[in-house]
Amino acid sequence: MHLRRPSSRLATTAVTAAAAATVTAALISAPFALANGRGDDSPHDSGSTRLDHVFVIMLENHSKEGVIGDVNAPYITSLADTYSVATHYYGVTHPSLPNYVATLSGSNWDVNNDDPNNRFDHTNLVDSLENAHLTWGAYMEAMPANDKLTDYWPSESTKLYASKHNPFVLFDDIRNDPQRMANVKPYTDLAGDLNSRYAPNFVFISPDQCNDMHGGVYTPVVGYPETQHCGYGSANDDPNDAALKQNADAFVKQAVTTIMSSRSWTRHSAIFIVADEGDYNSTASNGGWATTEGCCDSPVVPAGAPDINAAWPGGVYGGGLVPAIVIPGGNHPHHVVVDTPFNHYSLLRTVEDAFGLPEIGYSSDHVQVRTMDALLAH
């Protein structure tokens, strides 16, 4: 298994009706027009758990099987064994950028590339939160405080920070608003903010590329010890891959400890730990990804799409099975295992329902996109 990332592709892909017709009807993305219907077969359409604070930690490019139960991720595994775990949680699509955008806005907007020039003019979770007078904060490890709109830091060749993992700067109505951009902060601000009187209701955390399991930084960066061992992995648990998992495990432990020891951590809080998508292993027909399995309105992409590969046969282009752990608030661990199919749209819907917000994009498709409310049980 080769975990190295593919190069960015600048073209964007339009979903065509002809391609959709070749895919099993049960997997075809439901149009937004159907989204207001509440599927009778959904067990969690009403009575959603209301929350005061939600924390999302987004990891990178690893399958569920490659993380939970892995010897190099003992802390993450312990969380899965102690709290709630979703056994069938998928990335929405490939590669990274559209998964982050989907998590924030309920669609990948027909984009399947990592081009940092992508911009989105769509309603997003920040709009909904602010309309409801709720607060938010985005905490990006290694993002320079004095250059938040940079695409890379410290350089394009040494991408410890990359804007493709920061969806907030990809939406026009956030990046062009200085007041909103004040809520996009370096990760070093997290602990202080969570212990202040104004801890955000919604918190999104992106580790740097050496701490999120992505890798690819071969030149050590001063002040970031994790960059000493941060090359791409070529096989599951090879030396580079093992180091990336160890880095991520340590980061998650520190982040979860910071959250759970802060004044913002209450019984009505929850931490969601997920990966954006599964493994990269150079499978050409999949655009390099090990699998394109998906669910819950993952995009249907036509054969030969330029964002993927000429060999792509067309069909559902999902992000593969990824780790997904939920830590409900309070001090009484309760182990829950849920095998309902979920993806990042499910996460968005769960956050929206927890705050009483409108469901945007595919998060409002109750036929295919289920709430993760069952994982919030105490």
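# Reasoning from cut-offs in a predicted model

Tutor: In this predicted model, the backbone nitrogen of Ser96 sits 3.1 Å from a polar atom in the side chain of Glu277.

Student: What makes the side chains of Glu277 and His94 a polar contact?

Tutor: Their distance is 2.7 Å. The cut-off for a pair of N or O atoms is 3.5 Å, with one atom able to donate a hydrogen and the other to accept it. The value of 2.7 Å is within that limit, so the Glu277 and His94 side chains count as a polar contact.

Student: Where is Glu277, and is Glu277 buried or exposed?

Tutor: Glu277 belongs to the loop between strand E9 (269–275) and strand E10 (280–283). Its relative accessible area is 0%. Buried means under 20%, so Glu277 is buried.

Student: What is the peptide bond from His94 to Pro95, cis or trans?

Tutor: That bond is cis, with omega near -10°. Pro95 lies in the loop between strand E3 (89–90) and helix H3 (96–105). A cis peptide bond also joins Trp153 and Pro154, where omega is about 5°. Pro154 is in strand E5 (residues 152–154).

Student: Why is His165 called buried?

Tutor: His165 has a relative accessible area of 3%, and the limit for buried is under 20%, so the label applies. His165 is in the loop between strand E6 (159–162) and helix H5 (172–175).

Student: Which residues does His165 touch, apart from those up to four places away in sequence?

Tutor: Among them are Glu60, Ser96, Tyr100, Met140, Phe204 and Gln209. With Glu60 there is a polar contact, side chain to side chain, at 3.1 Å. Gln209 is 44 residues from His165 in sequence, while the two C-alpha atoms are 9.1 Å apart.

Student: How do you know that Asp297 has no salt bridge?

Tutor: The nearest side chain of opposite charge is Arg349, 9.5 Å away.

Student: Which side chain makes a polar contact with that of Asp297, and where does Asp297 lie?

Tutor: The partner is the side chain of Gln368, at 3.3 Å. Asp297 lies in the loop between strand E11 (288–289) and strand E12 (300–301).

Student: How many disulfides are there, and what makes Cys295 and Cys296 one of them?

Tutor: There are two. The sulfur atoms of Cys295 and Cys296 are 2.2 Å apart. A disulfide is a pair of cysteine sulfur atoms within 2.5 Å, so this pair qualifies. The torsion about its S-S bond is about -80°, so the disulfide is left-handed.

Student: Are Cys295 and Cys296 buried or exposed?

Tutor: Relative accessibility is 10% for Cys295 and 6% for Cys296. Buried means under 20%, so both cysteines are buried.

Student: What makes Cys210 and Cys230 a disulfide?

Tutor: The S to S distance is 2.0 Å. That value is within 2.5 Å, so Cys210 and Cys230 count as a disulfide. The torsion about the S-S bond is about -105°, so this disulfide is left-handed. Cys210 and Cys230 are 20 residues apart, each in the loop between E8 and H8. Cys210 and Cys230 are both buried.

Student: Which pattern do the disulfides follow?

Tutor: With bonded cysteines counted along the chain, the pattern is 1-2, 3-4.

Student: Why is Asp110 called partly exposed?

Tutor: Asp110 has a relative accessible area of 37%. Buried is under 20% and exposed is over 50%, so 37% falls in between. Asp110 is in the loop between H3 and helix H4 (125–131). Its phi is near 65°, a positive value in a residue other than glycine.

Student: Why does Asp237 count as partly exposed?

Tutor: Its relative accessibility is 30%, between the limits of 20% and 50%, so Asp237 is partly exposed. Asp237 is in the loop between strand E8 (202–206) and H8, and its phi is near 65°.

Student: Which residues have the most contacts inside the largest nonpolar core?

Tutor: They are Phe168, Phe202 and Ile273, in a core of 86 residues. Helix H8 (residues 239–260) gives the most to this core, with seven residues. Beyond its neighbours within four places in sequence, Phe202 contacts residues including Val54, Leu125, Trp136, Phe168 and Phe355. A second, separate core has nine residues, among them Tyr90 and Tyr345.

How values were computed. Residues numbered from 1 in each chain as written. Predicted model: local features only at pLDDT ≥ 70, side-chain atom pairs only at ≥ 80, totals over all residues. Heavy atoms only, no water. Core = buried A, V, L, I, M, F, W, Y, C linked by side-chain atoms within 4.5 Å. Buried < 20%, exposed > 50% of the residue type's maximum accessible area, 1.4 Å probe, protein only. Helix = DSSP H or I, 4+ residues; strand = E, 2+ residues; numbered from the N terminus. Contact = heavy atoms within 4.5 Å. Lys, Arg positive; Asp, Glu negative; His and termini not counted. Salt bridge = Lys/Arg side-chain N within 4 Å of Asp/Glu carboxyl O.
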